[in-house]
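Here is a short briefing on one protein chain. Look over the sequence and the model first, then read the points below.

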Amino acid sequence: MSSKTGAKAENVSPLRKRVPCPNCGSKSARESYPFCSKRCSDLDLGKWLDGSYAIATEEPGSGFSEDEY
Ligand SMILES: [Zn+2]
């Protein structure tokens, strides 16, 4: 068996694939990839910040035992 393990690499996809804006679905622009505009980019960033705000509330010493008298 002469093995030709994928010598041809024709299906090389470009690094930056054109994807619709995650926020509104419009065509993405180079300047604000993968968003269509900076406005959508900022809006999405705001969502992330809002989400991280809830996750960031993690108390390390939650197993504090109170002294009972
Ligand atoms: Zn958009």
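Among contacts in the protein chain between residues at least 6 apart in sequence, those joining residues at least 24 apart come to 0%. Two residues are in contact if their C-beta atoms, placed from the backbone, lie within 7 Å. This is a predicted model: local features need pLDDT of at least 70, side-chain atom pairs count only at pLDDT 80 or more, and totals for chains, interfaces and linings use all residues. Residues are numbered from 1 along each chain as its sequence is written.

**Overall make-up**
- Of the 69 residues in the protein chain, 7% are buried. Buried means 20 or more other C-beta atoms within 10 Å of the residue's own, exposed means 12 or fewer, and partly exposed lies in between, with C-beta atoms placed from the backbone.

**The cis peptide bond**
- The bond from Y33 to P34 is cis, and its omega is near 0 degrees.
- Y33 sits in the segment before α1. P34 is also placed in the segment before α1 (38-55).

**Y33**
- Y33 is partly exposed because it has 13 C-beta neighbours inside 10 Å.
- R18 is 15 residues from Y33 along the chain, and their C-alpha atoms are 8.9 Å apart.

**P34**
- P34 has 17 other C-beta atoms within 10 Å, so it counts as partly exposed.
- Setting aside neighbours within four places in sequence, P34 contacts V19, C21, P22 and S28.
- P22 lies twelve residues from P34 along the chain, with 7.4 Å between the C-alpha atoms.

**S41**
- S41 belongs to helix α1.
- S41 is buried because 20 C-beta neighbours fall inside 10 Å.
- Not counting residues up to four places away in sequence, S41 touches S32 and F35.
- S41 and P22 are 19 residues apart along the chain, and their C-alpha atoms are separated by 9.0 Å.

Methods: Helices (H or I, at least four residues) and strands (E, at least two) are DSSP runs, numbered from the N terminus.
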